[in-house]
Amino acid sequence: MEKKQFQAESKRLLEMMVNSIYSQKEIFLRELISNASDAIDKIYYKALTDNNLVFNKDSYYIKVTPDKDQRTLTIRDTGIGMTKEELEEHLGVIAKSGSLAFKKEVDVTDGHNLIGQFGVGFYSAFMVADVVTVISKSIYSDQAYKWVSAGADGYTIEPCEKETVGTDIILKIKENVEDESFDEFLDEYRLKAIIKKYSDFIRYPIKMDITTSRLKEGSDTEYEEYQEEQIVNSMVPIWRKNKSELTDEDYHKFYTEKRYGYDKPLQHIHINADGAIVYQAILYIPETIPFDYYSKEYEKGLELYVNGVLIMNKCAELLPDHFSFVKGMVDSESLSLNISREILQQDRQLKLIAKNIASKIKSQLQSMLKNDREKYEQFYNAFGRQLKFGVYNDFGMHKDALQDLLMFYSSMEKKLVTLDEYVSRMPEDQKYIYYASGESVERISKLPQIELVTEKGYEILYLTEDIDEFAIKMLQNYKEKEFRSVSSGDLGIDTDEAKSDTDADDNENKTLFDYMTSQLSGKVTKVKASKRLKTHPVCLSTEGELTIEMEKVLNSMPNASGVKADKVLEINVDHSVFRSLKEAFETDKEKLNLYTALLYNQACLIEGLPIEDPVEFTNDICKIMV
Ligand code: ADP
Ligand code: MG
């Protein structure tokens, strides 16, 4: 009998399999079962077109049989089988494996962690077996053939006996070595669990003889063990079932079974798409934030099945970052089982699915917002931050899609409101959407800067999270209404008279303000008469793009460059403190310097900015006390 060599590429992949790391070995069974299922599919489709062939569903199955004594594991299928030529062609060469071209560039050691994620095919058998024997009889041939290989050094093919059409794959399971045991692949319970894990939804029955015990006949104390053939897989996955057959409880059970989360899902989305692209998906919005959600460790992604076979645990390509909290799975017949990560990124079908999924999630959230406000707020409190990141990220690419999902705390409603709600109740004379930033609702509500806007009776959105103002800046406007910070120079509120009034105040007090500006050089760019203060003596505002809240956020980041907002110290010229300033300006410059420093530091405190020199500040206060 002649020994034949594997093709060079096959040889490389074989070596990779043999050296693969332990935790991934179990997937060989997924691969062999999915090949068996493919082979049955082929005979099934043939029967659809060939009148001489009847497809009797009951006679098609896959059977997995361990034999501890022989140390073999047999995977039998009643599929289409392989001719001698097909055995040579399909098992001797890796011709079309899409993932191989990609693996060529990865060196063998790096390749290992890829194995668990991709369909690697028939060769994965060598992860657990020293010798692989394939006995196959094709539907097109009366003669069966036996293909045997002990790995990289080649294979043999010879005629043999086999009665029925189909294929038996017989694995001679490796002997245990020091730190690795292969016994588990001979253990019926372990095998059953592996099948459940990866191949539960294969649509043909996967059978096993399971050892069970029963009372011995005629005895009511003595038990005997016997073997019972069982179907191990459930065959119809929940996602292929009709929504109307399923209860919330079923979805919850699946969520728990799959360990998508340990909480209860807040909402599930069951998609059965059969338009241009065919796929099923069950998606969940969790109730609580996973503990590592806002950390680098968190990995987004959905489980990806191809035609009922699990090929990837976390397919990141299926979810946009702003919906990274979504858990669940997708099953599609339109993808290839041997899909690699590189191919995934460009795969047109996968992109279509991802796009479709994103819009489904969005519309689900929108209807939750509309129909179940309480639930939406619960969701928003957990994951709203991620939506705001989504608005800001990618140069605002997703802002239009996300803006209607945003909510902010309202000064008037004292609760979260949407931008649409805000804009729809704006009085006609209100030009802008006003917002104020700060650490908390409490603190913002005490900011002197909000006085004028509040007095006008306008609603203010309170931004309390570090990302908020960045997201607002990215949006720029909503329904043609521009966003405006209550601390910005122009609030669009002043009547023309009021404006010339403050301008007059500025001119009148120009020398005083110039003097104070020079005293505060490096700290503020300007001191001026305030248009917005009503009862407070001072506040800080900013000119230009950068606001004080943004300055704080940027400076709290690692390797912050110490950016500074252009700050303006605004003085309430109607306040009695201003008279003291004027008086001091005339008579006592020393006193004016002291007042200027104090007012500036007070304004900083109100803003939640650190006082540069707290000791000096308290000394200054003492000076005015004596
Ligand atoms: P893939 O399944 O992606 O084609 P595999 O390495 O898993 O790659 O299998 C290679 C080929 O061997 C299959 O395409 C099929 O033609 C053939 N084959 C493998 N197992 C069987 C089987 N049980 N019955 C019939 N043909 C099989
Ligand atoms: Mg395969």
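Student: Which strand does β4 join, and how many bridges are there?
Tutor: In this predicted model, strand β4 covers residues 144–149 and is joined to β5 by 6 bridges. The two run antiparallel.

Student: What stands opposite Ser149?
Tutor: Tyr155, in β5.

Student: How do strands pair, in general?
Tutor: Through backbone hydrogen bonds, either parallel or antiparallel.

Student: OK, zoom out. What order do the strands of the sheet come in?
Tutor: There are 8 strands in an open sheet, ordered β5-β4-β3-β6-β2-β1-β7-β8. The pairing is mixed.

Student: Which ones are the edge strands?
Tutor: β5 (155–160) and β8 (223–231). Each pairs on one side only.

Student: And what does the twist average?
Tutor: 20 degrees from one strand to the next.

Student: Helices now. Which strands does α3 lie across?
Tutor: Helix α3, residues 84–92, lies across β3 (129–137), β4 and β5. It runs at about 155 degrees to β5.

Student: What about α6? Where does that one lie?
Tutor: Helix α6 (residues 188–199) lies across β1, β2, β7 and β8. Its angle to β7 is about 135 degrees.

Student: New topic. How many residues are in the largest nonpolar core?
Tutor: 76. Among those with the most contacts inside it are Leu304, Phe323 and Tyr434.

Student: Which helix gives the most to this core?
Tutor: Helix α9, residues 348–371, with 8 residues.

Student: You mentioned Tyr434. What does it touch?
Tutor: Leaving out residues up to four places away in sequence, its contacts include Tyr422, Val453, Arg484 and Ile493.

Student: What does the second core include?
Tutor: That separate core has 67 residues, including Ile40, Ala47, Ile75 and Tyr284.

How values were computed: Residues numbered from 1 in each chain as written. Chains lettered and ligands numbered in written order. Predicted model: local features only at pLDDT ≥ 70, side-chain atom pairs only at ≥ 80, totals over all residues. Heavy atoms only, no water. Pairing = 2+ DSSP bridges. Helix = DSSP H or I, 4+ residues; strand = E, 2+ residues; numbered from the N terminus. Axes fitted to C-alpha atoms, helices over the stretch in contact; angles between N-to-C directions. Contact = heavy atoms within 4.5 Å. Core = buried A, V, L, I, M, F, W, Y, C linked by side-chain atoms within 4.5 Å. Buried < 20%, exposed > 50% of the residue type's maximum accessible area, 1.4 Å probe, protein only.
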